[in-house]
Amino acid sequence: MVKYKLDRPLKILTVCGVGQGSSLIMKMFVEDVLKELQIPANVEHTELLTAKSSDADVIIASILHAEEFEGSPKIIIGLKNLVDKNEIKEKIIEALSKRGVIELD
Amino acid sequence: MTAIMDILMWIGNNILGQPAVLLGIVAFVGLILQKKPFSETLVGTVKVMIGVVMMLAGANLFVNELVSFQSLITAATGVSPKYPPNYIPLNDLISQYGSYAAVIMTVAFILHLILVRVIPKFRHVYLTGHLMWWLSLVVVAVTLTVNPNASARQIIGIGAVVLAIYWTIQPAYIHHAMRDITGSDAIGYAHTSSLVALVSYHLGKYIGNPEESTEKMNLPKSLSFLKDYAVSTAIILGLIMVAAAVVGYVKAPDTISSLAGDLNPIIWAILRGIYFAAAIVVLLTGVKMFVGEIVPAFKGISDKVIPGAIPAVDAPVVFPYAPTAVIVGFLSGLGVFLLMMGLFIAAGFAVIVPPMIMLFFPGGAAAVFGNKTGGWKGAVFAGALNGLVLAIGQALTLQFLTYGTELATLGDPDWYALIVVLKGLLGVIF
């Protein structure tokens with residue numbers, strides 16, 4: 001299991017082109033994974049247009065859109081398979097532990 | 001008896017007649033079923049109601065901007081869009097009949113779950129919420145177009161059955177292609193581009209070579225702005241309107257001046273492109289707000305009723321498997337659409353407006369399917385086919401859909417197929 005280091009819930013945005021379909025689908029799968037990892041988080045879904053100006057800690061998008069966030073100080077996670085919980089879990093653990101948001105036991 | 005009638009009338013006016021109230025109730029029940037805490041349930045329900053009102057405001061803006069666009073093209077070319085006589089605009093359709101669509105969406109989803117639960121051949125659960133909403137509205141519009149006196153029971157019954165069948169079979173008939181693209185059975189495809197995607201997948205091998213994949217191409221990075229639908233809408237529509245304003249000003253300066261009012265016609269045309277994009281952003285943000293609360297409830301129910309069902313999701317799920325193909329398909333579709341727009345105007349046949357979202361998502365997704373079997377040529381073909389279907393679909397639908405006529409400009413390929421088939425079937429029934 002992982003140990004969560006922040007004193008507030010993590011703010012996560014799932015992002016797709018129009019913010020209608022696939023970002024919502026990713027949100028539901030990401031929420032399931034976070035629940036399993038016991039990482040407290042608020043997950044919202046949105047589109048590219050507004051994602052860049054948001055104050056979220058983490059952006060999760062398809063690899064197609066992840067490159068749009070290059071150079072952003074946020075934690076960016078690009079997914080190949082938007083509904084594969086294993087991929088989502090691996091990439092979240094990797095990205096968050098790299099930034100010290102979680103610690104692996 | 002009169003007391004009962006009064007109660008029914010009251011429910012009809014205050015609940016069934018108000019899409020914001022009805023969708024609020026659907027979301028409220030969904031959140032309760034998910035056992036969400038009271039605060040989340042309250043927030044979610046209010047968000048849905050705000051979303052519905054935003055959608056209405058967005059539809060209003062959109063209808064107005066569409067008229068500006070079409071009037072300008074008419075002023076420049078002399079060709080006018082042929083709306084059906086006495087048509088009901090989209091904003092009125094949503095405010096008057098939006099609750100019918102909300103009931104259809106809910107009932108059709110339950111019927112869909114039953115079909116998937118009962119027939120072993122079907123394993124996919126359709127989760128693309130915004131399309132469930134739009135299609136529900138489309139079937140209401142078609143039913144009313146065929147029979148303006150259709151009863152509530154008829155509209156809801158027809159809509160729910162038709163959509164339950166469509167949501168059940170669509171992910172199934174395209175799944176062999178999905179399996180080929182994603183390499184697994186874990187994801188289904190639930191999008192109203194399915195027919196163009198399927199045709200492109202099967203014709204790809206006659207058109208090109210999968211070895212010559214789009215993913216070996218290098219597209220300029222500067223094209224990446226195209227992925228942002230609001231920006232591409234503002235730019236492409238703005239350019240067309242500036243061109244039309246210039247041509248129109250040469251031909252009929254008075255007409256253009258009266259459209260532009262106090263503003264310089266070019267500045268006015270640029271602003272209309274921006275307003276058009278903003279109208280779509282408001283419309284879709286509204287839809288996003290209520291769909292975002294309802295779909296998780298639908299998924300929650302489906303997880304309980306059909307454990308192990310395959311989630312069938314929105315088109316971008318295939319984009320990571322060939323990101324370059326997406327841009328290729330969008331560009332070839334846009335090219336064909338603009339060409340058809342010019343041809344239709346030259347022939348005096350129709351004024352169509354480029355639907356950037358529908359050129360990008362269905363065109364891009366179809367191109368991923370076309371690229372899989374036909375490489376870059378398959379991708380170009382897929383986008384072009386999408387552009388062709390959207391152009392013809394919009395031109396024809398705008399001329400006969402009496403209710404929510406502007407839906408013609410928001411349609412994906414399957415919408416037009418559904419509209420034509422349903423109209424034909426209902427013509428026989430009514």
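**Notebook: packing in chain B**

I looked up V139(B) and found that V139(B) touches I104(B), I158(B), G159(B), V162(B), L163(B) and L422(B), leaving out residues up to four places away in sequence. Contact here requires C-beta atoms, placed from the backbone, within 7 Å.

This is a predicted model, where local features need pLDDT of at least 70 and side-chain atom pairs pLDDT 80 or more, while totals for chains, interfaces and linings use all residues. Residues are numbered from 1 along each chain, with chains lettered from A and ligands numbered from 1 as written.

Next, the core. The largest nonpolar core has 185 residues, and V139(B) is among those touching the most other members, as are I104(B) and L163(B). Such a core joins buried Ala, Val, Leu, Ile, Met, Phe, Trp, Tyr and Cys through C-beta atoms within 7 Å; buried means 20 or more other C-beta atoms within 10 Å of a residue's own. I noted that helix α13 (residues 356-400) of chain B gives this core the most, 21 residues.

Then I checked two helices. The axes (lines fitted to C-alpha atoms over the stretch in contact) of α2 (residues 19-33) and α4 (residues 90-118) of chain B come within 8 Å and cross at roughly 20 degrees. That makes α2(B) roughly parallel to α4(B), a label for angles under 35 degrees. From α2(B), I listed P19(B), L22(B), L23(B) and V26(B) as making the contact.

Last, the chain contact. I found 31 residues from chain B and 23 residues from chain A in the contact. On the side of chain B, α11(B) gives the most, with nine residues.

Terms used. Contact = placed C-beta atoms within 7 Å. Helix = DSSP H or I, 4+ residues; strand = E, 2+ residues; numbered from the N terminus. Axes fitted to C-alpha atoms, helices over the stretch in contact; angles between N-to-C directions. Parallel < 35°, antiparallel > 145°, perpendicular 65-115°, else oblique. Buried ≥ 20, exposed ≤ 12 C-beta atoms within 10 Å, placed from the backbone.
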